[in-house]
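This briefing covers overall composition and salt bridges. Please have the sequence and the coordinates open while reading.

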Amino acid sequence: MTIAQRGADFPAPLPIVAGALARVFAPPEPLVPSRWMAEHLIVPDGPRAGGRWDPSLTPYVGPIVDCLGPDSPHNLVAVRKSAQTGVSVAAIGLVAAYIDRAPCRIGYALPTIDALQEFNREKLTPTIEHTEALKARIRPQTSRSATGSTTTSKQYPGGSLVLINANSAPDLRAKTLKVGIGDEVDEWAADLEGQGDPWGLFMDRFIAFHATGDYRLLALSTPRLLAESRIDDLFQRGDRRYWHITCPHCDSEIPLEFGHLTFNKRPPYQAHYITQCCGCEIRHYEKATLVRAGRFIATHADGLYPSFHVDALISQLTTWDKIAEEAVAAEGDERKTKKFTNTTLGLPYEVKGDAPDHVRLMERREEYAENRVPPLALLLTAGADVQHKGIWVEIVAFSPDRQSWTVSVRWLEGDTTDPNKGAWLALQELYDERFEDAFGNTRLIDAIAVDAGDGARANQAYAWARGRHRAYAIKGMSGWGRPALGTPTKVQVSLHGKRITGGAMVWPVGTFDLKAEFYANVRKDGRKAGQELDPPGYCHFGSFLNEAYFLQITSEHLADVRAKGRLTKVWQQISGRPNHLLDARVYATAMAEHLGLTRKTRDQWAALAQRYGLPLGAGDLFSPAPLAVEREQPPDAAAVAKAEAAAALKATLADKPAGAASRPGRFARLKRVPKRRG
């Protein structure tokens, strides 16, 4: 074979070598995080768990992560989000893209050590194990070398990913980071161990890259309270981008807003959207196509950085009917309304901070007997606020729809230094006292909370409650988002210099939210104000209560307090107004919550009603056509009283309360924070 023949059969070596060298020395393709996610990321949870991330399911995620790619001009992005949106994949996808294509020091901060461990177990580890590009790069935890990964530190060539407890000052110090994720920042502490705002401490970790300008930081969270929401503050300072769809009737680009979602008040909800542009109707089956074709539009031209709002209205992980169901269930319930506003609408909740007018409350007093449990009430609790010279007590009855009645208010006078003497003996008498109810029974108090806060009588309260199974030593806890009654802790009890063997249990009470709920309930108008029905949560006060009582229960208001540069809302006592009975009411409500006030099923309420002598099954209690109930009780008519009580419970627990109608309409009474436009 001649040389010419060989040249025809085999390509010349020079072009091959040149092509190979060009590929080696060519600059890498720019990293676009959303493109990398679509090609490589295996999602750890949700409807596509174990499969590759699908941008069509959450089309709003791509624009968020792409704002923080290496070639993006932006350093900071904030995302104010609701639950059920799939936005959390943005954080893990951004981290994964950088690990594979632009490795560096990355920090992922979460609000607690428990949240950190759960994130590692449920999200991060499955993502690493199933995403080949990550599995090939991140060193396994089984490595015996000092360079191996751990639970909180994932090692890879060119950098590491460290998981940070945002409520630990040591975790936030002495770390230099180039890329960071601040997850659920509204749950971070307001002040971290006296060193200031943990968000500020976290941002300090990126100072080393300020001059080069190539650090990247993503903050995302479900908001909580308006005045102290970190994520809402970050969102408002950004350019406030909302996902817009194109109206199928007039081609206007509009954001989906809850105020335009229309639905029935009872199943079937038949939720649909009435557009704000031309008033046309969008059915739920049209939503997916419209959302996928949508885009983010900034609404604040002076924003400092990209900020995004994502809520359940545009989510393909839930339905408009489900949103309607949650909205109806939340109506009239302060805590459920707050949860709905935060986790479904993705908006911060505004708590009304002014104390109700005590004179107005006095004017709506009702004629009912003191020390008698009213017909609708199936729970009876008490709260005791301990002072040096006596104990303030309020006894409260609760119905299944959270209406409440003040049954009695007591001032138990006497010294409180010895739990076996003075006012404590009077409290023991109250503990054993039996209260007549509308069913012909006499009933003990179901649960009584005794204040064992940081005052001088904590040990006495522990000692008194110890061994009494219906008594709870409690400690009021400040701060928002705490449960009504939290997990108890064991404490040592010392009296007269001697330690009591075995100690006692103290239960934390989340006073901030309970006070907000109480004040929201006392503002509600009922029959006394001309309404057809007393609404759920309505507070009834007997004519036996005097002005001093109403001054005490309206003795606090919300105030804005700035501590270490951060604004927060706290309850403050009005000067010159004692608040003992307000505390007692809060403690009594915590006991009702502990007994299942907002958790009991209809069958459980029916069983409790039967326990007190009502000859009714669950079907009777939830009759669709309940009887009307007269408030006045005929004298010497026990049978009529029992029938009246049964009918009243029917009306309270029925699927459709008397006088209510199943009608379409917007959930107009829900308090929402309007979007602040530029």
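A residue is called buried when its relative accessible area is under 20%, exposed when it is over 50%, and partly exposed in between. By that cut-off, K515 and E556 are both buried. The model is predicted.

**Overall composition**
- The protein contains 22 helices and 27 strands.
- Of its 678 residues, 52% are buried.
- Among contacts with a separation of 6 or more, 69% are between residues 24 or more positions apart.

**Salt bridges**
- Across the whole structure, 24 salt bridges are found.
- Side chains of opposite charge can pair when their charged atoms come close.

**E253 and R295**
- These residues form a salt bridge, with the closest N and O atoms 2.8 Å apart.
- E253 sits in strand β8 (residues 253–255) and R295 in strand β12 (residues 295–298), 42 residues apart.
- E253 is partly exposed at 35% relative accessibility, and R295 is partly exposed at 44%.

**E593 and R335**
- The side chains of E593 and R335 form a salt bridge at 2.5 Å, N to O.
- This pair links helix α19 (residues 580–594), which holds E593, to helix α13 (residues 334–343), which holds R335, across 258 residues.
- E593 is buried at 6% relative accessibility, whereas R335 is partly exposed at 23%.

**K515 and E556**
- K515 and E556 meet in a salt bridge at 2.8 Å, N to O.

**Network**
- R335, E517 and E593 belong to one network, joined by salt bridges that share partners.

Technical notes: Residues numbered from 1 in each chain as written. Predicted model: local features only at pLDDT ≥ 70, side-chain atom pairs only at ≥ 80, totals over all residues. Heavy atoms only, no water. Helix = DSSP H or I, 4+ residues; strand = E, 2+ residues; numbered from the N terminus. Buried < 20%, exposed > 50% of the residue type's maximum accessible area, 1.4 Å probe, protein only. Contact = heavy atoms within 4.5 Å. Salt bridge = Lys/Arg side-chain N within 4 Å of Asp/Glu carboxyl O.
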